[in-house]
Amino acid sequence: MKAFNFHEVKSVKEATKLASNKSTFLAGGMTLIPSMKMRLSSFSDVIDIKEIKELYGIKVKGKSVIIGANTKHADVAASKEVRKAVHSLAGLAEGIGDPQVRNCGTLGGSISNNDPTACYPSACIALDATIHTSSRKVDAENFFTGMFETSLKKGELVTAVEFQIPEKSCYIKFPNPASRYAMVGVYIAKFKKEVRCAVTGAQSVVYRCKEIEKALNNNFSESALDSVSLKSSNLNSDIHASAEYRASLIVSCAQKAVAGSK
Amino acid sequence: MAASMIGSKVERKEDKKFLTGKGRYTADITLANQTFAYFIRSPHARAKIKNIDTSKAKKASGVIDVLTAKELNEDKIGGLIAGWKIVSKDGTDMKIPPHPALASDSVNYVGDHVALVVAETLQQARDAAELVKVDYKVLKAVVNTGDAMNSESIHDGIDKNLSFDWELGDKAKTDEAFSSADKIVKMTLTNNRLVPNAMEPRASIGDFNPSSEELTLYTTSQNPHLSRLVMSAFNAIHPEHKFRIVAPDVGGGFGSKIYPYAEDVVVAWAAKRLQRPVKWVCERTDSFLSDCHGRDHITNCELAIKNDGTVTGLKVDTIANLGGYASLFATVTPTYLYGPLVLGLYNIASAYCNVKAVYTNTAPVDAYRGAGRPEATYMIERLMDKAAKEMGMDRAEFRKKNFIRQFPHQQCLVHNIDSGDYEAHFNKALELSDYSNFEKRKAESAAKGKLRGIGFSTYIEACGIAPSAAVMSLGAGVGLWESAEIRFNATGNISVMTGTHSHGQSHDTTFAQIVADKLGVPMENIDLVHGDTDKGPFGMGTYGSRSLAVGGTAIAKACDKIVEKGKKVAAHMLEANPDEIEFKDGEFIVPNSNKKKTIGEIAFACYLPGTYGEIKSPLPEGVEPGLKETAFYDPVNFSFPAGSHVCEVEVDPTTGETKVDTYTCVDDFGNLINPMIVEGQIHGGLAQGIGQALYENAYYDETGQLVTASYMDYTMPRADNFPEFRIDYTCTPATSNPLGVKGCGEAGAIASPPAVMNAVIDAIGTEVSMPATSEKVWKALKDKSDTKKKAA
């Protein structure tokens, strides 16, 4: 780790005011701190936002669930309101990392980092979420722009995520055996008007799988996916899974997600 | 005190400190005026070093010095050595390249040690390291085990990258068995490379005292005495009598901390050169890159079989990867720890084993839990499985038919096995695993859309390493006896010094149990002292499941000497004949009388001989004061633990995911001192063995970069990867040591890879290599079904 100035702030305003081109926000630190320790990244200023109270909390309002950016995965997993409104969202949070990660890592941190193998971005896409930031509201589909890239501007801070409540949904992750991040993660959400299917871990950034959505819009059943065969040419390939294997996993995870939807 | 401690599940004495975070590891030690060291390592797998410019770094804030091979040579510090000489089949000695402690003109793996930055803080050392400019001429790396002999030589004068071409066995006799065989079964196997992953990364602190001229090295070692010997005699760092090595609490080794590393040599030397304590703690990434790795064999093997299922011959042809240099025990691991074991526990009349050891631009490979024996067991057990299937025989029956049945048994290669009953543990394992109802469980799995398979593995190890005369005749640089010293204190408690080292093996408890039983002293009054060359006698450390069989026996022998002396003193005090004194439960008794002395009273009398009223001195004439005895034990033979393991897996054919559903092991470790500790050793071994079979793999890309250099990519198994293990034992005591013990530390890692792989292959009906990751299993199933479709 290289030396830096450390700031603890109490409000969003204070945080954004301090931000510069060489600064970073520190939420749970589950990715940031290891990468700083390995000197993969370094900053002149680290702005700790954990004490910003307004960023915490879970609210179910009408057809949406609004979760504050600082809310920890463990809190989402344990929330009865979330579980009742969107069962799969609590289930997703429950499956992130290990108890230490779930008790430090936050929703805002996860989506701002936008790791291509993270779970939460798929929830944002499948549940048609709106990302609230310190300066605006962005549709999730316009938020995740590339590998570890989002449409956040320098100094802009995610404050909350507003998820739409589907009729039923399920998230199935096939974890990377080493890291237990998603080698492939498929989030299926059935709304009155449409079925949304978000896939994480398979490309450089989370995406909607139109082939699966099309098949499930016609017939929301496991067997509807029997004949779906995905192209592998645009999928990630690494030592743990070839693109071809990922293509097959996406379909099998999607089938399990359909079967497990509630 | 009458109840025997040997054989009891005594709770671990060491748990209190470890479970309350009070262990004291090398990194926990802080010395006054200490400096911090950071190693600059090669980012290239193979390169020439054209120049190292340290000028900027030397001027950086807080930097004390930047040391390179130049300074090392100024001080005439020797390079690292290979400690076991192997002779090739043509009579020539193995070829060993120079292995300088800091690279002088070339680097040979990513992570090779190039320079040391020493600064006031670690931060400053790391910052300065970024200012050191090393000018490399990058060369094409030789990475794969199988390609090494056909590639450019990476070391001058070592043709085909071949260190040695070694053979064992009677080739002519084996050829004859093959020419008269009814059936020959062949296969090619890869034994995947593993990273040892001790929980505590390596660390060293050098401390030179200019007043006494003593050099102390605190380090993470399984073997501090041998490290001191090597670093004194070969690296010429400091004379042995002025050199102290302390290996305090050490968080696991699995072999990777047996030998002194370049970092130990450099840190000890730097402390002496700079006259300040130098502290170095390895980071996890460096640990992946620079700890010696394990395994990495490619093997062709074949069996000669008669129609009735009798195996008459075995041929083994192995290429073993040594990595960039030959580490201390690297050359014995794929030869004498491997070759003699290829027969497994089968009675095979002829065998021939050829091992070619090659250099590649990868981290050095050395002993890792099991060292040679897992590779041998994997080979023979996979081959036996395949042979049974090709012979159309039940895999269990085929094994049983070929078991050794009479003991002692002289194998056709090297070992003379003193005791065992292989059918006993095999039958018990079949029963415990409910083999007879396997088909029913398979049908249940099929109903859920899953594929179920069962796999067997039997194994034999040569442990209790090792009879000195035997190993030295085979090229060992040292004998492998062990020492012990029992120091009674005047107040009746005991310090036990051992030359072995505990880094997870629970010696504090196990050895105290032996002493408690032998001397009738409560466990809490017995303290084990190890890991400090200034405190105990020279010993050979801990590896090869040797500590109990060899070190424990030395302790038992020292206890016997204490009793012998105690009897003389007791007889004198009780006015009896030493021959008639009996010693039992801590008391010296004159039979048929009420005359007795406790061992505590005897100890007190031995130390304070002038204070006894009615007799002038409690010590008979010619008996020296004090109660302290030393014993050295050199075993007469290896010990031969053996066992049978049964694994059942369930495979999801849609994803290839393999779950170990049940795992059963029945082992014969001879007598058990503490069954709870033994069980812990089995669990750990199984975790590593199942890890090798399904998850772990050290993977280098074609340029020699270690792709799996963190836990993000190197799959360490976790608790949820394992079922509850079913564990049981049989017992045929070892005859080679008086405790009748055989060793248990490596068995799990030796037996489990073939048990798991045989189960996976049984489930999917086609070959797959280790680790059988979900993708590989999925691909194997897909290829099988594609081939079927094509044929149809």
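Which residues is B:V117 in contact with, once its neighbours within four places in sequence are left aside?

1. On the core. In this predicted model, the answer for B:V117 is a set made up of B:A37, B:Y38, B:I40, B:A57, B:V63, B:V66, B:A125, B:A128, B:A129 and B:V132, with neighbours within four places in sequence left aside. B:V117 also belongs to the largest nonpolar core, which has 319 residues, and it is listed with A:I250, B:V515 and B:V760 among those that have the most contacts inside that core. As general background, nonpolar side chains in soluble globular proteins tend to be buried together.

2. On chain B as a whole. Chain B contains 19 helices and 28 strands. Its radius of gyration is 28 Å, close to the 28 Å that the globule rule gives for 792 residues, so chain B is as compact as a globular protein of that length. Taken along the principal axes, the C-alpha atoms of chain B fill a box of roughly 100 × 75 × 55 Å. Of the 792 residues in chain B, 57% are buried, and among its contacts with a separation of 6 or more, 80% are between residues 24 or more positions apart.

3. On helix α15 of chain B. This helix covers residues 547–574, and at 1.5 Å a residue its 28 residues should span 40 Å, which agrees with the 38 Å that separates its end C-alpha atoms. Helix α15(B) is mostly covered, since 20 of its 28 residues are buried. The residue that follows α15(B) is B:E575, whose phi is positive, near 55°.

4. On B:V756. This residue lies in helix α18 of chain B, which covers residues 747–764, and B:V756 is buried, because 30 other C-beta atoms lie within 10 Å and the threshold for that label is 20 or more. Not counting residues up to four places away in sequence, B:V756 touches B:G455, B:C647, B:V649, B:V660, B:I690, B:A693 and B:L694. A further pair to check on the model is B:V756 and B:G691, which are 65 residues apart in sequence and 9.9 Å apart in space, C-alpha to C-alpha.

5. On chain A as a whole. Chain A has 11 helices and 14 strands. The radius of gyration of chain A is 18 Å, close to the 18 Å given by the globule rule for 262 residues, so this chain is as compact as a globular protein of that length. Along its principal axes, the C-alpha trace of chain A spans about 55 × 45 × 30 Å. Buried residues account for 45% of the 262 residues of chain A, and 61% of the contacts between residues at least 6 apart in sequence join residues at least 24 apart.

6. On a sheet in chain A. Four strands form an open sheet in the order β11-β12-β13-β14 (chain A), with antiparallel pairing. Strands β11 (168–175) and β14 (207–208) of chain A stand at the edges, each with a single partner strand, so one side of each is left without a neighbour in the sheet. Strand β13 of chain A, residues 195–200, runs antiparallel to β14(A) and is joined to it by two bridges; in β14(A), A:Y207 is the bridge partner of A:V199.

7. On the contact between the chains. Chain A contributes 13 residues to the contact and chain B contributes 14 residues. On the side of chain A that touches chain B, the largest share, four residues, comes from helix α11 of chain A, residues 243–260. By class, that side of chain A has eight nonpolar, five polar and no charged residues.

Technical notes: Residues are numbered from 1 along each chain as its sequence is written. Chains are lettered from A and ligands numbered from 1 in the order in which they are written. This is a predicted model: local features need pLDDT of at least 70, side-chain atom pairs count only at pLDDT 80 or more; totals for chains, interfaces and linings use all residues. A nonpolar core is a set of buried Ala, Val, Leu, Ile, Met, Phe, Trp, Tyr and Cys residues joined through C-beta atoms within 7 Å. A residue is buried if 20 or more other C-beta atoms lie within 10 Å of its own, exposed if 12 or fewer, and partly exposed in between; C-beta atoms are placed from the backbone. Two residues are in contact if their C-beta atoms, placed from the backbone, lie within 7 Å. The expected span of a helix is 1.5 Å times one less than its number of residues. Ala, Val, Leu, Ile, Met, Phe, Trp, Tyr, Cys and Pro count as nonpolar, Asp, Glu, Lys and Arg as charged, and the others, Gly among them, as polar. The radius of gyration is taken over C-alpha atoms; the globule rule is 2.2 Å times the number of residues to the power 0.38. Two strands pair if DSSP finds at least two bridges between them.
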